[in-house]
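Me: I've got a structure open here and would like to talk it through with you. Can you walk me around while I ask things as they come up?

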Amino acid sequence: MLALVSPALLVILALIVLPVGWLAWQSIYHDGFTLENYRRVFTEDIYWRSFALTFEISLAVTGIALLLGYPVAYLANSVPKGWSILILSLVVLPFWTSVLVRAYAWLALLQRTGVINQFLRYLDVISEPLALVHNTFGTVVATVHILLPFMVLPLYATMQKIPGDLMQAGASLGASPSLTFVRVFLPLSLPGVLAGCTMVFVLCLGFYITPELLGGGRTVMVSMLVSRNVELYNQFGAASAVAVVLLLSVLAIFFAVSRFISLDRILGQK
Amino acid sequence: MTRISPARIALYVISALVLLYLILPVLIIAPISFSSARFLTFPPPSFSTRWYQEYFANPAWMQATRVTLTIALLTVVIATPCGVAAAYAISQSRLRIMRVIHMALLLPLVVPIIITAVGIFFVYAKVGLVATLPGLVLANVMLGLPYVVISVLAGLQSFDPAQEMVARSLGMNRLRSFFAVTLPQIKSSVVAGGIFAFISAMDETIVALFISGGQYQPLTKRMFTALRDEIDPTIAAISTLMTAASFMLVLAAGARQKKGG
């Protein structure tokens with residue numbers, strides 16, 4: 001049996017465990033042991049600002065995705081099967097288009113000469129084009145778009161397991177629909193909220209393509225810090241230290257959340 | 001429950017708007033790709049296939065397309081058997097270490113891709129695999145493995161291992177009984193896993209940005225560079241083709257999975 005897993009395991013060891021280990025080593029070793037790279041990451045302003053911005057954007061994206069995703073998951077759960085399949089298909093449809101394709105679509109929509117600005121000017125709502133892209137706004141709009149399915153799917157999976165009887169019991173005891181929602185349904189859906197929020201937050205922390213293309217160079221997220229240190233400045237040690245801090249943040253979040261719900265649930269395998 | 005409450009109406013409206021937000025960007029690409037305008041204008045001034053012609057006439061885009069398809073095909077050919085073997089072993093073995101190995105095989109989904117990309121770049125730089133086809137294929141095999149493993153494990157869950165025992169008690173060896181009894185029954189999830197690995201390889205961008213170069217640059221890398229430097233409607237044509245291709249593949253995978261397994 002071990003022989004059967006060995007090819008797959010070998011690929012994983014050679015192409016993810018070894019490279020990440022290499023990064024970790026490189027972050028602390030340069031002609032001898034050094035913590036200089038970490039000192040820079042934790043004290044220099046650009047690094048701090050980038051980490052802070054990344055966490056802020058990730059929090060905002062997670063919050064918006066929850067606000068947008070919860071009603072959709074709720075609706076999909078409360079309509080007949082045919083409708084819920086349609087709703088879920090629409091949710092996963094963008095999932096299967098490349099992230100690059102969607103970045104292009106958002107550029108086409110949000111640019112100064114883009115569809116939305118042209119439409120608003122045609123309606124005489126605005127006289128000057130709005131700056132919708134090449135800033136944090138554009139990054140957040142496109143990032144939420146990409147990550148929303150990761151929120152809706154675990155929410156829907158959790159809601160489906162909530163027995164309908166409980167809501168009826170609440171109603172029969174005299175609670176209004178909103179009260180049964182707040183006291184019964186909402187608390188029971190919290191594991192799904194936690195799973196969805198974790199996935200969206202963690203994925204957002206490492207986002208690269210979308211902020212790079214829609215952020216206009218001003219929204220420097222941590223991933224861009226890593227790539228610039230490698231490609232532009234040849235600062236491999238600094239890039240590695242940033243990567244290690246990012247990875248540890250992600251693992252710490254997974255570990256913290258796994259104390260409340262199983263990892264399988266977060267990764268959407270159940 | 002027959003009367004529709006205001007809260008219910010609000011739920012319908014909000015959900016409709018969110019769904020519109022989700023699908024509008026996907027739908028907007030096709031009309032742009034058939035527009036004659038050099039810049040993004042809406043509505044498109046006239047119908048034209050010039051961006052498709054530019055794509056097919058451009059040797060750089062064609063070379064990138066060949067590279068992408070080669071990588072994706074080789075990825076499937078390598079990742080599928082490795083993933084199936086691993087999933088089979090994980091589901092059959094009662095060894096405790098299998099649980100750890102299972103988690104390890106899902107690592108590509110957990111580690112932020114930018115970190116994986118930079119790490120692979122450093123390792124490849126040492127062993128001379130940067131800007132080579134084998135290097136690109138190997139990286140995509142690693143990224144595609146979790147999809148095969150997850151899909152096949154799901155298929156194996158509904159398979160009764162006792163059937164294989166029967167075959168073996170009738171004299172087949174383990175390998176033959178796997179191919180004669182087990183594989184036909186999990187075929188659908190194997191094919192679905194392979195298709196997901198193909199799509200993953202076709203769409204992969206970030207690792208390619210770091211480790212590809214020269215003549216071995218996949219479509220996504222050229223698209224990324226083109227999008228960053230100057231927005232060219234040829235990308236709308238390529239995007240439309242890519243989206244159509246991946247939808248057809250997903251439908252194929254979905255149809256496969258529904259048939260059983």
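Reply: What follows is a walk through this predicted model, taking the chains as wholes and then some individual residues.

Me: Okay, how many helices and strands does chain A have?
Reply: Chain A has 13 helices and zero strands, and its C-alpha atoms fill a box of roughly 75 × 65 × 35 Å when that box is taken along the principal axes.

Me: And chain B, what's in there?
Reply: Chain B has 12 helices and zero strands, and the box filled by its C-alpha atoms, again along the principal axes, is roughly 70 × 70 × 30 Å.

Me: What share of the residues is buried in each chain?
Reply: In chain A, 51% of the 270 residues count as buried, while in chain B the share is 54% of 261 residues.

Me: Switching to one helix, which residues of H4 in chain B are buried?
Reply: Helix H4 of chain B spans residues 97-105, and its buried residues are Met98(B), Ile101(B), His102(B), Ala104(B) and Leu105(B). Seen down the axis of H4(B), these buried residues fall within an arc of 160°, so they line one face of the helix.

Me: Why would that kind of spacing put residues on one side?
Reply: An α-helix has 3.6 residues a turn, so residues three or four places apart point the same way.

Me: Which residues are exposed on the other side of H4(B)?
Reply: On that other side, Arg99(B) and Val100(B) are exposed.

Me: And what covers the buried residues of H4(B)?
Reply: The cover includes helix H1 (2-28) of chain A, along with helix H3 (59-92), helix H5 (107-110) and helix H7 (133-157) of chain B.

Me: Let's pick something in H7 of chain B. Is Val149(B) buried or exposed?
Reply: Val149(B), which lies in helix H7 of chain B, is buried, with a relative accessible area of 0%.

Me: What does Val149(B) touch?
Reply: Not counting residues up to four places away in sequence, Val149(B) touches Gly83(B), Ala87(B) and Leu105(B). Leu105(B) is also one of the buried residues of H4(B). The C-alpha atoms of Val149(B) and Gly193(B) are separated by 7.4 Å, although these two residues are 44 residues apart along the chain.

Me: Now the rings. How many aromatic pairs are there over all chains?
Reply: A search of the whole structure finds 19 aromatic pairs. In the pair of Phe121(B) and Phe122(B), the ring centres are 5.7 Å apart and the planes are at 50°, so that pair is tilted. Phe121(B) and Phe122(B) are both buried.

Me: Which residues form an aromatic cluster in chain A?
Reply: Tyr70(A), Tyr74(A), Phe181(A) and Phe185(A) form one aromatic cluster.

Me: Last topic, backbone angles. What is the phi of Asp31(A), and where does that residue lie?
Reply: Phi of Asp31(A) is near 50°, a positive value in a residue other than glycine, and Asp31(A) lies in the loop between H1 and helix H2 (36-43) of chain A. Most residues other than glycine have a negative phi. Asp31(A) is exposed, with a relative accessible area of 74%.

Me: And what about phi of Asp124(A)?
Reply: Phi of Asp124(A) is near 65°, again a positive value in a residue other than glycine. Asp124(A) lies in the loop between helix H6 (115-122) and helix H7 (136-160) of chain A, where it is exposed, with a relative accessible area of 67%.

How values were computed. Residues numbered from 1 in each chain as written. Chains lettered and ligands numbered in written order. Predicted model: local features only at pLDDT ≥ 70, side-chain atom pairs only at ≥ 80, totals over all residues. Heavy atoms only, no water. Buried < 20%, exposed > 50% of the residue type's maximum accessible area, 1.4 Å probe, protein only. Helix = DSSP H or I, 4+ residues; strand = E, 2+ residues; numbered from the N terminus. Arc of directions from axis to C-beta. Contact = heavy atoms within 4.5 Å. Phe/Tyr/Trp six-rings, centres within 6.5 Å; stacked < 30°, edge-to-face > 60°.
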